[in-house]
Amino acid sequence: MTRILVDSSSDYGRKEIKEKNLEFIPIHITIGETDYIDGVDFEKDEFYEILQRESEFPKTSQPSPEAFLEIFEDAKVKDDSVICILLSSALSGTFQSAALARSIVDYEKIHLIDSLSATYPIKVLADYALKMAQDGVEAALIAEKLEALKSRVRLFAGLDTLEYLAKGGRLSKSVAAIGELANIKPIITLTQEGSVGVLGKCIGRNKAITQVVRHLTEVSIDPAFPLYSIYTCGTENCEKFEEKLTEHGYAISGRLQVGATIGAHIGPDAFGVVFVARQG
């Protein structure tokens, strides 16, 4: 049997994890003096309520190697394969923890995929892996195909506020304050190196929506994969964005809510799109 493992940065809901029989490793989040288990202790909307209520910025801690060991050792005993699709190594040490756990177990049927991404691009990869596994594709080939696909899974997003980029240390507070006064809305992406990159800055929400759509039109989209609209909390901006997508002829496979790992940095009222670019 081939098992598919994801960490909580993939933003799968608990129900979907159970339905798809995914192996799941949570990331721990500390806000103020309270520790939370991402994907377990709160729903996504509850997280944004806490985020906006608390003055302290959330701190994440990567899973320990021990978090992976039980799954890896059980797979070894049962002669199962495990494909781990994990949060970008440029954003977290989660991949390194899994690599250490694999070296301890010393089992060749554990395949580690550094997604070089976060949130729903990981879901796209994991859903693809699940389909291949159900079709009887060998785990080693699934891992190979995921490595080939991961650079084609893209995310573009428009932010409604600079506050959380500043709180997370990705922007100076003075620059953020000036930007807020000027009503600047940054457009971000996940780079090919697995970090968060800025595609541009717009003045006002409507221009930000137009800009994200423009970036999308510059890419040839692979129709074999879903195109998701994404949001953090508050759907108004996402709904307006979806209207623009529809006007441009894009078919939206679903609207998905971004969770704590990335949502903490981009804040409420963000919107965006996840899709797969054509090869070549």
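Thr30 sits opposite Asp35 of strand E4. The strand that pairs with E4 here is E3 (residues 28-31), and 4 bridges join the two, which run antiparallel. Strands, like helices, are DSSP runs numbered from the N terminus, with at least two residues (E) for a strand and at least four (H or I) for a helix. Two strands pair if DSSP finds at least two bridges between them. This is a predicted model, so local features need pLDDT of at least 70 and side-chain atom pairs count only at pLDDT 80 or more, while totals for chains, interfaces and linings use all residues. Residues are numbered from 1 along each chain as its sequence is written, and side-chain values use heavy atoms, with hydrogens and water left out.

E3 and E4 belong to an open sheet of 3 strands, in the order E4-E3-E5 and with antiparallel pairing. Its edge strands, E4 (34-37) and E5 (59-61), each pair on one side only. From one strand to the next, the twist averages 25°. As for how angles are taken, axes are lines fitted to C-alpha atoms (for helices, over the stretch in contact), and angles run from 0 to 180 degrees between N-to-C directions.

Next comes strand E6 (residues 81-86). Here 6 of the 6 residues are buried, so E6 is largely enclosed by the rest of the structure. Buried means under 20% relative accessible area, exposed means over 50%, and partly exposed is in between, using a 1.4 Å probe and protein chains only. Ser81, Ile83 and Ile85 point one way from E6, while Val82, Cys84 and Leu86 point the other way, and all are buried. Strand E1 (residues 2-7) runs parallel to E6 and is joined to it by 5 bridges; Thr2 stands opposite Ser81 of E6. Strand E7 (residues 110-114) also runs parallel to E6, again with 5 bridges, and Leu86 has Asp114 of E7 as its bridge partner. To get from E6 to E7, the chain goes through helix H4 (residues 94-105), and this β-α-β crossover is right-handed. That label applies if, with the strands pointing away from the viewer, the path from the first strand over the helix to the second runs clockwise.

Asp106, in the loop between H4 and E7, has a phi near 55°, a positive value in a residue other than glycine. With 62% relative accessibility, Asp106 counts as exposed. Leu116 lies in the loop between E7 and H5, and its phi is positive too, at about 55°, although it is not a glycine. Leu116 counts as partly exposed, at 25% relative accessibility.

What about the helix pairs? The axes of H5 (residues 120-134) and H6 (residues 139-149) come within 10 Å and cross at roughly 150°. H5 and H6 are therefore roughly antiparallel to each other. The cut-offs are under 35 degrees for roughly parallel, over 145 for roughly antiparallel, 65 to 115 for roughly perpendicular, and oblique for the rest. The crossing of H5 and H6 is right-handed; a crossing is right-handed if the near helix is turned clockwise from the far one by less than a right angle, and left-handed if anticlockwise. Leu125, Tyr128, Ala129, Met132 and Ala133 of H5 make the contact with Ile142, Lys145, Leu146 and Leu149 of H6, where contact means heavy atoms within 4.5 Å.

Helices H9 (residues 205-217) and H10 (residues 236-247) also have axes that come within 10 Å, crossing at roughly 45°. H9 and H10 are therefore oblique to each other, and their crossing is right-handed. Residues of H9 including Ile209, Val213 and Leu216 meet residues of H10 that include Phe241 and Leu245.

E11 (residues 228-231) and E12 run parallel and are joined by 4 bridges, with Tyr228 partnered by Gly254 of E12.

Finally, Leu162 lies in the loop between strand E8 (153-158) and helix H7 (163-167). Leu162 is buried, with a relative accessible area of 6%. Its C-alpha atom is separated by 7.6 Å from that of Ile266, 104 residues apart along the chain.
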